[in-house]
Amino acid sequence: MSKIYNGLVNTADRFVPNSMRPLWNHAAGPKTVFFWAPVFKWGLVIAGLSDLRRPADQLSVSQSASLAATGLIWSRYSLVIIPKNYGLFSVNVFVALTQLAQLYRAWDHSKKNPSPSEK
């Protein structure tokens, strides 16, 4: 698989303009997993945003809490590693924010609609 990937990168290398070379050759640039992992992680953000349409009583508090915690932890991590990975930082901030919004929705719903045992 890496031979195919290296072939694609080497082919694309010829078409990258000089103004984009610093990004292209960066230690966390498109030639590395440090670029592509955060790109694909944006799928979690899109899923979290689409869940904003889901009724609050159907939200998973444990899932939202886990994703919010990992978003916060990885946001911090992305700024202490070398090289700093701002793509990883930004996607994890958005993962945390979308899941914190979901947690708020679930909490707000539970306060407005207490279960019969809590009354």
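Which residues form a nonpolar patch on the surface?

## The surface patch

This is a predicted model. In the model, Y5, W36, V39 and F40 form the nonpolar patch. Together these residues have about 400 Å² of accessible area.

Which helix gives the patch its largest share? That is helix α3, spanning residues 33-50. Helix α3 supplies three residues of the patch.

## F40 in helix α3

F40 is one of the patch residues, and its place is in helix α3. Is F40 buried or exposed? Its relative accessibility is 66%. The cut-off for exposed is over 50%, so F40 counts as exposed.

## Two domains

The protein is divided into two parts: domain 1 covers residues 1-26, and domain 2 covers residues 32-112. What distance separates their centres? Taken over C-alpha atoms, the centres of domain 1 and domain 2 are 30 Å apart.

## H109 in helix α5

Now turn to H109. This residue is found in helix α5, which runs through residues 86-112. H109 has a relative accessibility of 27%. Buried means under 20% and exposed means over 50%, so H109 counts as partly exposed.

Which residues does H109 touch, leaving out those up to four places away in sequence? The contacts are A56 and D57.

L79 gives another reference point for H109. Along the chain, H109 and L79 are 30 residues apart.

Conventions. Residues are numbered from 1 along each chain as its sequence is written. This is a predicted model: local features need pLDDT of at least 70, side-chain atom pairs count only at pLDDT 80 or more; totals for chains, interfaces and linings use all residues. Side-chain values use heavy atoms; hydrogens and water are left out. Domain bounds come from an automatic or database domain assignment. Helices (H or I, at least four residues) and strands (E, at least two) are DSSP runs, numbered from the N terminus. Buried means under 20% relative accessible area, exposed over 50%, partly exposed in between (1.4 Å probe, protein chains only). Contact means heavy atoms within 4.5 Å. Patches are made of residues with over 30% relative accessible area and no salt bridge: like charges are joined within 9 Å, nonpolar side chains (Val, Leu, Ile, Met, Phe, Trp, Tyr) within 5 Å. Accessible areas come from the Shrake-Rupley method with a 1.4 Å probe; for residues, only the protein chains shown count as cover. A salt bridge is a side-chain nitrogen of Lys or Arg within 4 Å of a carboxyl oxygen of Asp or Glu.
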